[in-house]
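Please read it alongside the sequence and coordinates.

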Amino acid sequence: MRRVVPLLLGVVAVGVGGCAGSQNDRHAEPYALLIPNGETAPDPLPEKTTVIEAEPPGEQPSMDPIARRLTQARRLYRDLAFEASLEELARAEQSLETKLEWQQTYTLLDRMLLLRGLDELALGRPERARDAFRQAALLRPDRVGLDPAEFSPEVRSEYGRARQPLATEAPFALSIESNPSGTELLVDGSVASRTPASVRLHRGRHYLVLRAPGYQTETRVIDVDEHTAPIVRFELDPLSELRLAGELAELHADAFAGLDSTFRLRLVPAAGEASPVHLGRSDSGWTAALVDRGSGDIRAKRVSSVPSLELATPALVDALRDAPQEKPLVRQGWFWTVIGAVVVGTTLGLYFGLRKQPEAELVIAGP
């Protein structure tokens, strides 16, 4: 009986191997869905699936209070309260310079500078008026002149005098550096280049914005003249993991394959023990991409043509669970089959190799 036990263990190992190989090849770990901003998570959620409560990408702040200040400044100008109008414009400018990352800021800045020029002209300060008009021209280099329906000939003439030197004077050369490099650089609201970059700026106030995926947007107001340092350096702060999760969830489906692995790896802690599933919009519906926790690589992708994310998510998650995956070695059927064969072979070898041979018996036949 003692010799039969190893043989039975080998048979059991072979059976376990067969069972392991026949198991449903589905992902057992939970998933964490990254829902794009503005979309509703499905209810109920698929089994073993949670939603990361990520901080959504920042929405454009309301410009209504600043627009009201500009309207009030215009009203004060018409009431001949020019100094009070300038005070309102100064408050509006202070607020606008904290919102340089939004495109609407530059439209309001232009409006503010033109109103300032009007106030300064009314107060008999043409030099200050030209400075304001010059700043407006720097923001809108494509604008040839002011609208005759809105501005008087005198104002349009002063604007032309302020704008004319920009065509002949030499700009100052500045080098813009950042950490990380390759950051998108915007100058006065327009995309200029990527860092490290060399830009040529005319004398006056300029607005720099640097932004990169996974980092907080950096802004800076610089007054350029002959005393300005030739190199401007930026140090961008990384976004929190949850903020990054929300940012990546906003990506179009086609952008999944182009994600830098560093960004994807930095997302992993936000998902805890769950495997992150990115949900992205595509032209035909939705794409779900399962990200490996260890390597940050995309393990599998599935596409759904269902227009509603709430309806598409359960099918996408189930499809990802059925996607081929690398199972651990102990769950591989061939592994246990080999182990069982080794055990059986070793047992049989030992049994027959060490079995005691019967002694030969000498028989002498009688006459």
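Helices (H or I, at least four residues) and strands (E, at least two) are DSSP runs numbered from the N terminus. The model is predicted, so local features need pLDDT of at least 70 and side-chain atom pairs count only at pLDDT 80 or more, while totals for chains, interfaces and linings use all residues. Residues are numbered from 1 along each chain as its sequence is written, and side-chain values use heavy atoms, with hydrogens and water left out.

**Second largest pocket**

- A pocket is, on a 1 Å grid over the protein atoms alone, an open set of points where a 1.4 Å probe fits, with protein on both sides within 12 Å along at least five of seven lines; lining residues have an atom within 4 Å of a point.
- The second largest pocket has a volume of about 430 Å³, a volume being the space filled by probe spheres set on the points, which are joined across faces, edges and corners.
- Its lining comprises 22 residues, of which Ala137, Leu138, Leu139, Arg140 and Pro141 are the closest to the centre.
- At least two lining residues come from each of α4 (104–122), α5 (126–139) and β6 (197–201); α4 gives the most, with four residues.
- By class, the lining of this pocket has nine nonpolar, seven polar and six charged residues, where Ala, Val, Leu, Ile, Met, Phe, Trp, Tyr, Cys and Pro count as nonpolar, Asp, Glu, Lys and Arg as charged, and the others, Gly among them, as polar.

**Antiparallel sheet**

- An open sheet of four strands has the order β5-β4-β7-β8, with antiparallel pairing; two strands pair if DSSP finds at least two bridges between them.
- β5 (190–194) and β8 (218–224) are the edge strands, each with a single partner, so one side of each has no neighbour in the sheet.
- From one strand to the next, the twist averages 30 degrees; axes are lines fitted to C-alpha atoms, and angles run from 0 to 180 degrees between N-to-C directions.
- Strands β4 (residues 184–187) and β7 (residues 204–211) are joined by four bridges, and Leu185 has Leu210 in β7 as its bridge partner.

**Salt bridges**

- The whole structure contains 17 salt bridges, each defined as a side-chain nitrogen of Lys or Arg within 4 Å of a carboxyl oxygen of Asp or Glu.
- Arg125 and Glu83 form one, with the closest N and O atoms 3.8 Å apart; because Arg125 lies in the loop between α4 and α5 and Glu83 in helix α3 (residues 82–96), the pair ties together parts 42 residues apart in sequence.
- Arg205 and Glu93 also meet in a salt bridge (3.8 Å, N to O), linking strand β7 to helix α3 across 112 residues.
- Arg205 is partly exposed at 25% relative accessibility, whereas Glu93 is buried at 12%; buried means under 20% relative accessible area, exposed over 50% and partly exposed in between (1.4 Å probe, protein chains only).
- Glu177 pairs with Arg233, their closest N and O atoms being 3.3 Å apart; Glu177 is in strand β3 (residues 172–179) and Arg233 in strand β9 (residues 231–235), so the pair ties together parts 56 residues apart in sequence.
- Glu177 is partly exposed at 29% relative accessibility, and Arg233 is exposed at 52%.
- Through shared partners, salt bridges join Glu93, Glu97, Arg116, Arg205 and Asp223 into one network.

**Strand β11**

- Thr287 belongs to strand β11 (residues 285–291) and is buried, at 6% relative accessibility.
- Thr287 and Ala312 are 25 residues apart in sequence, with a C-alpha to C-alpha distance of 9.2 Å.
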